[in-house]
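Visitor: I would like to learn how to read the features of a structure such as this one, step by step. Could we look at it together?

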Amino acid sequence: MTSSPACGFQPVVQSSNFEHWRDHLQQQLGECRVTCTAHDQETFQASIRVAHVGPLSLVELHGDGGGLELLRRQSADLAVLWIPEHGTTLEQQADQPDPLISSPGQGLWIAPAAELQGQTPKRSSGVSILLPRALLAVWSDRGGDTSLLDPFRTVRQPTVAALLRQARALIDAARLHPEWLDHSAGEFWRALVNHRDAVGSCALPPPSPDLTDRFLQLVQKKLKARPAHRFGLQAMALELHCSARTLQNHLRSDLDATPREIWTALQVQHRYPA
């Protein structure tokens, strides 16, 4: 990562005019086609803010009142790490049958030149971290294929949670502490390198029966039996033989997510089975 003057989030547009907002979106993210129903356009409110640090750009998107359908071809010069913060995004690759469903706590890696068709809810927000393709030249596959970064799997690569944690720390720095952006960007880059190196290794570490895995297995069991099952923190903690506070603290430390965030993400996945 080369050092250059860092800049925290700066407003690009805040608009109730869908076409106006879409023009600015295309300027930031490149070629894409976005549609919004006529009814939703009447209540549409959205904003875009952008931050820069070294070769990285962060594009913050916030929308309220209008669900969107997005069809885009990712620029061949950029990869994107999408970090959802509110709402669930459903993406479909042009050449893949299974949807990519990203909720808060997860992430979506979009490879250069990928073709995606997606949907967002009426209220959604998140940040796209844009990485120039030249930055990814250290890997022969230029950062890998488009994929969901999901730390909530019982069989998971530990570097996924670490990468997403550093991505959120970078976003927080852009919002609250621009003077820390260079440091946060360096930590993010190291986490990305560690993750890509781990993906290239021969095997995942064997799963361990710790509290995180037992919680994930319990959630999957309950949602498989009743997809509409309501979340109850105290009941889950009781079944896992720990206190609610212990469960919350453990999952926040291990996966950088709350029990409810994990439950919600997995519940959405059960609604769209592969």
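Visitor: Where is the place of His195?

Guide: Please bear in mind throughout that this is a predicted model. His195 has its place in helix α4.

Visitor: Is His195 buried or exposed?

Guide: The cut-off to hold in mind is that a residue counts as buried under 20% relative accessible area. His195 has a relative accessible area of 7%, and it is therefore buried. Leaving aside neighbours within four places in sequence, His195 is in contact with Leu149, Gln157, Thr159, Val160 and Leu163.

Visitor: How should I read the packing of two helices, and at what angle do α3 and α4 pack?

Guide: Two packed helices are described by the angle between their axes and the distance between the axes. Here helix α3, residues 158-176, and helix α4, residues 181-199, pack at an angle of about 165 degrees, and their axes are 9 Å apart. Because angles over 145 degrees count as roughly antiparallel, α3 is roughly antiparallel to α4. The crossing in which α3 passes α4 is left-handed.

Visitor: Which residues make the contact of α3 with α4?

Guide: On the α3 side they include Thr159, Val160, Leu163, Gln166 and Leu170, and on the α4 side they include Leu181, Glu187, Phe188, Leu192 and His195. By class, the residues of this contact divide into 14 nonpolar, 5 polar and 1 charged.

Visitor: At what angle do α7 and α8 pack?

Guide: Helix α7, residues 244-255, packs with helix α8, residues 259-271, at an angle of about 70 degrees, with the axes 9 Å apart. The two helices are therefore roughly perpendicular to each other. Leu247, Gln248, Leu251, Arg252 and Leu255 of α7 meet Pro259, Glu261 and Ile262 of α8 in this contact, whose residues divide into 5 nonpolar, 1 polar and 2 charged.

Visitor: Turning to the sheet, what is the order of its strands?

Guide: As a general idea, strands of a sheet pair through backbone hydrogen bonds, either parallel or antiparallel. In this model there is an open sheet of 7 strands in the order β1-β3-β4-β11-β6-β9-β12, with antiparallel pairing. At the edges stand β1, residues 7-15, and β12, residues 147-149, each with a single partner strand, so one side of each is left without a neighbour in the sheet. From one strand to the next, the twist averages 20 degrees.

Visitor: How many bridges join β3 to β4, and which residue stands opposite Arg49?

Guide: The antiparallel strands β3 and β4 are joined by 9 bridges, and Arg49 stands opposite Glu60 in β4. In their hairpin, which has 2 residues between the strands, Gly54 takes a positive phi near 55 degrees. Strand β4 is also mostly covered, with 7 of its 9 residues buried.

Visitor: What are the pairings of β11 with β4 and with β6?

Guide: With β4, strand β11 pairs in the antiparallel sense over 8 bridges, and Val59 stands opposite Ser128 in β11. Strand β6, residues 78-86, and strand β11, residues 123-132, likewise pair in the antiparallel sense over 8 bridges, and there Ile83 has Val127 of β11 as its bridge partner.

Visitor: Which strands does helix α1 touch?

Guide: Helix α1, residues 18-29, packs on the sheet and touches β1, β3, β4 and β11, its direction making about 20 degrees with that of β3. Helix α3, by contrast, runs at about 80 degrees to β6, lying across β1, β3, β4, β6, β9, β11 and β12.

Methods:
Residues numbered from 1 in each chain as written. Predicted model: local features only at pLDDT ≥ 70, side-chain atom pairs only at ≥ 80, totals over all residues. Heavy atoms only, no water. Axes fitted to C-alpha atoms, helices over the stretch in contact; angles between N-to-C directions. Helix = DSSP H or I, 4+ residues; strand = E, 2+ residues; numbered from the N terminus. Parallel < 35°, antiparallel > 145°, perpendicular 65-115°, else oblique. Left-handed = near helix turned anticlockwise from the far one by under 90°. Contact = heavy atoms within 4.5 Å. Nonpolar A, V, L, I, M, F, W, Y, C, P; charged D, E, K, R; others polar. Pairing = 2+ DSSP bridges. Buried < 20%, exposed > 50% of the residue type's maximum accessible area, 1.4 Å probe, protein only.
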